[in-house]
Amino acid sequence: MPRVSLAIKVPAVAAVFLLAVSLFLSERVLSRLAEIQTAHLVTLTRVYLDGLSTALVDAVLREDVWEVYAVLDRTRQGDGDLTAAETIVTTPDGRVIAAGNPRRVPSASMLPADYPAAETLSGEIVLREPEARAYVRRDVLYNGRAVGAIHAKLDISSLLDERRRVLWTLVLSNAVLTLILVVTAWVTVRRMMRPVAVLAAHLEAGIAGEVTPIPSPAVARAGHEFRRLFAAFNTLALSCREREDLIRRLADEERLASLGRLASGLAHEINNPLGGLFNAVDTLKRHGERPLARATALDLIDRGLRGIRDMVRTTLATYRADGDGRTVDVQDLDDLKILAGPELLRNDLVLIWRNGLTGPVDLPASPLRQILLNLLLNACNASPQGGTIEVRIAEADGGLRLEVADDGPGMPARAVAVLVDTTGSVTPFGRGHGLGLWMTGRLIRDLRGTVEVSRSPSGGALVTVALPLDREGGIARVA
């Protein structure tokens, strides 16, 4: 549907209102004119019938046809404002005594059917505008008794012609006035809308590209209100320019900060398995001659280095982990007890490990190990000396469920916001704090999982992670 400009809408609305007002006023004028004409006609008719009934009393009493006809003939022309097209004098029962046109209405006949009945008239004028006629009846009284009746058919064509002349005068006057006012409104609105068009053009240009101020000559030509509006827009345009410059600078600074956070996160995530690796190296130094201890330590070193390798590949692929596509098995998760061993020993913590897996699970090993290790180390840092940490791993509801509970004071609200953020808009705390939780939340989202933080039975924090086993749309495999 085509858009109609305001320069057309406003005159159109004004024309509609003007037409409505003109129709209302015309109807009032014509109604008032009709009332005046009817009142004037009633007055003239009353005078006419009063004089006629007085002159006809004696003739009607005697039912003298010739005398009644003579009286009617003398009054046939009437005055200039009233023309009687036909006058009939009858007895009270409607029998004609004499008529102005005896050929059409002979004496002794009944009143013609085109005349209204006496009950219909009841002393009033009946107007029949299509015929241009008015009908009236007057009783001829003698000593208060009706001895006859006068029926008159009046010619009202002159009154109707006057109404038509008034109607056409009103129509033409209203049409000319409406046309003049509509054209005036159109010209006025177009002039008023020029500043709006200028402002709209600059706004559209601002949407398409850079916001540019309105030139000074256009501001000077505008009215007082639009000058204020243009000045406000120019101030806004300058503010937008300054804001865009600031955004560019902030974007550059954010790139540098992101690089710093990435480097810090890499250091943090590489540092997590180093404790277990050093522990394995120490085991090799002390018990390397034992085949079982040597094999266990070398296997742990191999898994730790694979984890570091996968984490580096994950970073290169924008945190898309599990570059070799290896799925997690029971031993991948059980190794985390050894990696967290130094932290557990340092704080004299008791670890309750409940791994309910019985075989491989279709989830990438590296990000899942990072998620669980980060949560386990976070619980170690939050737990008091000699506290207890409980880890539960189980398949549930078509996915993998991880629960880490501690005896600490509970996770701070800021840490919870970083971990459970679903949009990735919440940033780490800064200065090395919160990076592990931030990356853990990022990995959970990449695996299309959910995380909840609540109170553990002991009063500490209970972190529950649910990961779906359906990998469609999840983390992509990278080389």
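I started with Asp 114, which sits in the loop between β2 (96–99) and α3 (118–121). Helices here are DSSP runs of H or I with at least four residues, strands are runs of E with at least two, and both are numbered from the N terminus. Before going on, I noted that this is a predicted model, where local features need pLDDT of at least 70, side-chain atom pairs count only at pLDDT 80 or more, and totals for chains, interfaces and linings use all residues. Residues are numbered from 1 along each chain as its sequence is written, and side-chain values use heavy atoms, with hydrogens and water left out.

**Asp 114, continued**

Is Asp 114 buried, partly exposed or exposed? I get partly exposed, because its relative accessibility is 26%. The cut-offs are under 20% relative accessible area for buried and over 50% for exposed, with partly exposed in between (1.4 Å probe, protein chains only). Leaving out residues up to four places away in sequence, I found Asp 114 touching Arg 104, Arg 128, Tyr 135 and Lys 153; a contact means heavy atoms within 4.5 Å. Tyr 135 is 21 residues from Asp 114 along the chain, and their C-alpha atoms are 9.8 Å apart.

**Around β1**

Next I looked at β1 (residues 83–90), which is mostly covered, with six of its eight residues buried. It runs antiparallel to β5 (residues 145–155), and seven bridges join the two. Two strands count as paired if DSSP finds at least two bridges between them. Lys 153, on my contact list for Asp 114, turned up again here as the β5 bridge partner of Glu 86.

β1 also pairs with β2, antiparallel again, over three bridges. For Thr 90, the partner in β2 is Val 96. The two strands make a hairpin with five residues between them, and Gly 94 in the turn has a positive phi of about 95°.

**The five-stranded sheet**

Further along I traced an open sheet of five strands with mixed pairing, in the order β7-β9-β10-β12-β11. β7 (350–355) and β11 (450–455) are at the edges with a single partner strand each, so one side of each has no neighbour in the sheet. From one strand to the next, the twist averages 10°. Axes are lines fitted to C-alpha atoms, for helices over the stretch in contact, and angles run from 0 to 180 degrees between N-to-C directions.

Inside the sheet, β9 (residues 388–396) and β10 (residues 399–405) pair antiparallel over seven bridges. Glu 390 has Ala 405 as its bridge partner in β10.

Which helix lies across β7, β9, β10 and β12 (461–468)? I found α10 (residues 365–382), running at about 15° to β10. Helix α11 (residues 413–420) lies across β11 and β12, at about 160° to β11.

Ala 132 has a phi near 55°, positive though the residue is not a glycine. I placed it in the loop between β3 (126–128) and β4 (133–142). Ala 132 counts as buried because its relative accessible area is 15%. Asp 348, not a glycine either, has a positive phi of about 55°, and lies in the loop between α9 (341–346) and β7.

**Confidence check**

pLDDT is the predictor's confidence in each residue, from 0 to 100. The chain mean is 80, and 84% of residues reach 70 or more. I marked residues 318–324, where pLDDT stays under 50 and the model has 31 contacts beyond four places in sequence. Residues 471–479 also stay under 50, with 27 such contacts.
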